[in-house]
Amino acid sequence: MQGFDVVVGLDVGKSFHHLYALGSDGSELVNQRIDQSERVLTETFAAIKEYGSVLVVVDQPNNIGSLAVACARRSGCSVAYLPGLAMRRAAGILPGDAKTDERDAFVIAMTAHSMPQALRAMPEENTLRADLIALASCDDDARCDMTRESNRLRSHLVETHPAFERALSSDVTSPFALKLLMRFGGPWGMRKAGTGAVMRWARAQKRPALKLLERLLASLEEMAETPPGAHLREEVGIPACTRRIVELTAIRQDIERRAVHLLKDCPTFQLLTGMPGVGTKTAIAFIIHVDIACFDSASKLASYAGIAPKTHQSGTSIKGESAGRSGNKALKNALFLSAFASLRTDLLSREYYDKKRAEGKKHNAAVICLARRRLKIMFAIVRDQRPYRLAA
């Protein structure tokens, strides 16, 4: 991030950006507003390139900033990203307290010029990574929609028959439960059809969850009176939610198939998924968010991911460590879920987790410790391009 002739701070916006360029001596070279236009951006960056090597720093690398980043790269400029929290802290150090696009661009440029260690490197774009980012974005949207729909479904069921919803528990979005709700509408529809008809339908299914069905049928006897509006919920609300959940499930499965197809020839993907507890989504998150060349140690990668402890010390009176609250949230979530999943499939992960619990750590803290330990292994696997194997 050092050794550039020009540092450009770009406060991005939907319709226009504000650009502030500093020379290597800190002098102002350019201070202007530019349109969100490929032609204008390309011409602007080409003009700035006449001063020498250029580093363009943005406060939003995706969405409204993606065109500016692409144009900067095509113009031969290096690109970096200044996180919002670091930008706000830098703004508090510099004189003035106004909030304008011009000052934001100035803050970005000054921070990049004076404190380049605050910047985050942005790996060079390639077709595979861009495709994976697009698929991951679609999957995130579908996952959020599924969560909303499952919550709506639970709400309908609670207002219709609380005991029935309680009996469903975590199986509310299981394939069998969704088929059951689409067929009968809900608890009152099942009661109207009768136990015999429900059981005959269940036995005709490929994988009937008979124990779950027995729980649901038993819960029907806990209510005798139909609440107002229950029939309409079973005719409209519940079927709509179940159909949407089935549709979103199919969308997510299709996204995963596409991602696996894209990565069939990617050695990093094959190496990562060979490690217990690392599935398709975890490997994709690692490939998207981690450029291994940017980290010379696993500890720095753990700090970037937000799973390294944060030390607090002042003389001898204040000392301690706490969980980090910063870092790459998407990568942190993927590593946490991977570590949690490994507890069921990997004996070494379970032993390490139990050890941390025995030391007095709570569940989440123990899983974070496990995630950091596993990240060290993933770092070594990708760095050395060697498959996971147990120690002799």
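Q: How many of the eight residues of S2 are buried?
A: Seven of them are, so strand S2 is largely enclosed by the rest of the structure. Buried means under 20% relative accessible area, with exposed over 50% and partly exposed in between (1.4 Å probe, protein chains only). Helices (H or I, at least four residues) and strands (E, at least two) are DSSP runs, numbered from the N terminus. A word on the model: it is predicted, so local features need pLDDT of at least 70 and side-chain atom pairs count only at pLDDT 80 or more, while totals for chains, interfaces and linings use all residues. Residues are numbered from 1 along each chain as its sequence is written, and side-chain values use heavy atoms, leaving out hydrogens and water.

Q: Okay, how do I read the sheet, and what is its strand order?
A: Strands of a sheet pair through backbone hydrogen bonds, either parallel or antiparallel. Here, six strands make an open sheet with mixed pairing, in the order S3-S2-S1-S4-S5-S6. Two strands pair if DSSP finds at least two bridges between them. The edges are S3 (28-35) and S6 (120-121), each of which pairs on one side only. Helix H1 (residues 38-49) packs on this sheet, touching S1 (6-11), S2, S3 and S4 (54-58). The direction of H1 makes about 170 degrees with that of S3. Contact means heavy atoms within 4.5 Å; axes are lines fitted to C-alpha atoms, for helices over the stretch in contact, and angles run from 0 to 180 degrees between N-to-C directions.

Q: Which way do S2 and S3 run, and how many bridges join them?
A: They run antiparallel, and seven bridges join S2 (residues 16-23) to S3. On its other pairing, S2 meets S1 in the antiparallel sense over six bridges, with Val6 partnered to Gly23 in S2. S1 and S2 also form a hairpin, with four residues between them.

Q: Now a helix: how far does H5 reach from its first C-alpha to its last?
A: H5 (residues 127-160) has 34 residues and reaches 49 Å, close to the 50 Å expected. The expected span is 1.5 Å times one less than the number of residues. Its buried residues include Arg129, Leu132, Asp139, Met146, Glu149 and His156. The buried residues of H5 pack against H6 (162-168), H7 (175-184), H8 (187-193), H11 (230-262) and H13 (280-289).

Q: At what angle do the axes of H3 and H4 cross?
A: The axes of H3 (residues 84-93) and H4 (residues 101-114) come within 9 Å and cross at roughly 95 degrees. That makes H3 roughly perpendicular to H4; the cut-offs are under 35 degrees for roughly parallel, over 145 for roughly antiparallel, 65 to 115 for roughly perpendicular, and oblique for the rest. On the H3 side you'll find Met87, Arg88, Ala90 and Ala91, meeting Arg103, Asp104, Val107, Ile108 and Thr111 in H4.

Q: Is Leu263 buried or exposed?
A: Buried, at a relative accessible area of 0%. Leu263 sits in the loop between H11 and H12 (267-273). Not counting residues up to four places away in sequence, Leu263 touches Leu128, Leu132, Phe269, Gln270, Ile284 and Ile287.
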